[in-house]
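Student: I'm new to this one. Could you walk me through how to read it?

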Amino acid sequence: MKTNEDLQKDVQNAIKWEPLLHAAEIGVTVNNGIVTLTGEVDHYSKKVEAEKAAKGVAGVTAVVEKIMLEYPSRFATTDNEIAANALKALNDSWNVPNDKVKVIVEGGHVTLEGDLAWNYQKEAAKNAVAYLAGVKRVDNNIHIQSESHNEVEKRQVEKALERNWSLNAEDIHVAASGTKITLTGSVSSLYDKEEAGRIAWNTPGVWSVENELIVEYDYSVVD
């Protein structure tokens, strides 16, 4: 079992391990598995990487990201410049179909809209713009509309979960309704929850995934 102090040290070490991050920039507090990240960074990508690092630590059940973003004045970028760079980045990404994603930029906040056939394309679109200069936040509002209209087979998803070495598929329950997948049950980490959701999204014909998995960890409240 981990105490709050143990988990705090593990998250801090995970952040230190990321080359992009300076540990001094980011504060970490822990309360019964819930990790809160604070501090100030000079690039949106650092917020993304800090949150990702925290989610990968065993015992973390939720992450609250309160990191402030302040770009140095020498890196000031207008919304028009961000939009142009975002469109170029999307066109350069071979995982994102051309002319399928609409970009809206307001005050450095980028919103992505449109319809794509696969969730990995949606994630690729977000990754393409998240590391651009001047970006303060990315809202990924792209919808998934699979080219297949057949009902998803429950067993397909179950087999895919069973093939993943990091998951205990016996504790994950799959329900399929038309093109929708619902995951219930329990996993031992926030990483496993997101990994199970990613696998479900990769199933041919899936239009939506409801990830209701609960993160259960043998966690000590004694500091």
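This is a predicted model: local features need pLDDT of at least 70, side-chain atom pairs count only at pLDDT 80 or more; totals for chains, interfaces and linings use all residues.

Student: Okay, how much space lies in the largest pocket?

Tutor: About 1100 Å³. The elements giving two or more residues to its lining are H2, H4, helix H6 (190-201) and strand S11 (208-211).

Student: Which residues lie nearest the centre of the largest pocket?

Tutor: Lys52, Lys55, Glu123, Lys126 and Glu194, out of 25 lining residues. By type, the lining divides into ten charged, eight nonpolar and seven polar residues.

Student: H2 came up there. What should the twelve residues of H2 span?

Tutor: At 1.5 Å a residue, helix H2 (residues 44-55) should span 16 Å. Its end C-alpha atoms are 17 Å apart, which agrees.

Student: And how many residues of H2 are buried?

Tutor: Buried means under 20% relative accessible area. Nine of the twelve residues of H2 are buried, so the helix is largely enclosed by the rest of the structure. Among them are Tyr44, Ser45, Glu49 and Lys55; that last one, Lys55, also turned up among the residues nearest the pocket centre.

Student: Where does H2 sit between strands?

Tutor: Look at strand S2 (residues 34-41) and strand S3 (residues 62-65), which run parallel and are joined by four bridges. Ile34 stands opposite Ala62 in S3. The chain goes from S2 through H2 to S3, making a right-handed β-α-β crossover.

Student: What unit do S6, H4 and S7 make?

Tutor: A right-handed β-α-β unit, with H4 covering residues 119-130. Strand S6 (residues 109-116) pairs with S7 in the parallel sense over four bridges, and Leu112 stands opposite Asn140 in S7.

Student: How do I read the side chains along a strand?

Tutor: In a regular strand, side chains alternate between the two faces of the sheet.

Student: Is Asp139 exposed or partly exposed?

Tutor: Partly exposed, with a relative accessible area of 25%. Anything over 50% would count as exposed.

Student: How far apart are Asp139 and Ile104 in sequence and in space?

Tutor: In sequence, Asp139 and Ile104 are 35 residues apart. In space, the C-alpha to C-alpha separation is 9.7 Å.

Definitions and conventions. Residues are numbered from 1 along each chain as its sequence is written. Side-chain values use heavy atoms; hydrogens and water are left out. Two strands pair if DSSP finds at least two bridges between them. A crossover is right-handed if, with the strands pointing away from the viewer, the path from the first strand over the helix to the second runs clockwise. The expected span of a helix is 1.5 Å times one less than its number of residues. Buried means under 20% relative accessible area, exposed over 50%, partly exposed in between (1.4 Å probe, protein chains only). On a 1 Å grid over the protein atoms alone, a cavity is a set of points where a 1.4 Å probe fits but cannot get out, and a pocket is an open set with protein on both sides within 12 Å along at least five of seven lines; lining residues have an atom within 4 Å of a point. Grid points are joined across faces, edges and corners, and a volume is the space filled by probe spheres set on the points. Ala, Val, Leu, Ile, Met, Phe, Trp, Tyr, Cys and Pro count as nonpolar, Asp, Glu, Lys and Arg as charged, and the others, Gly among them, as polar.
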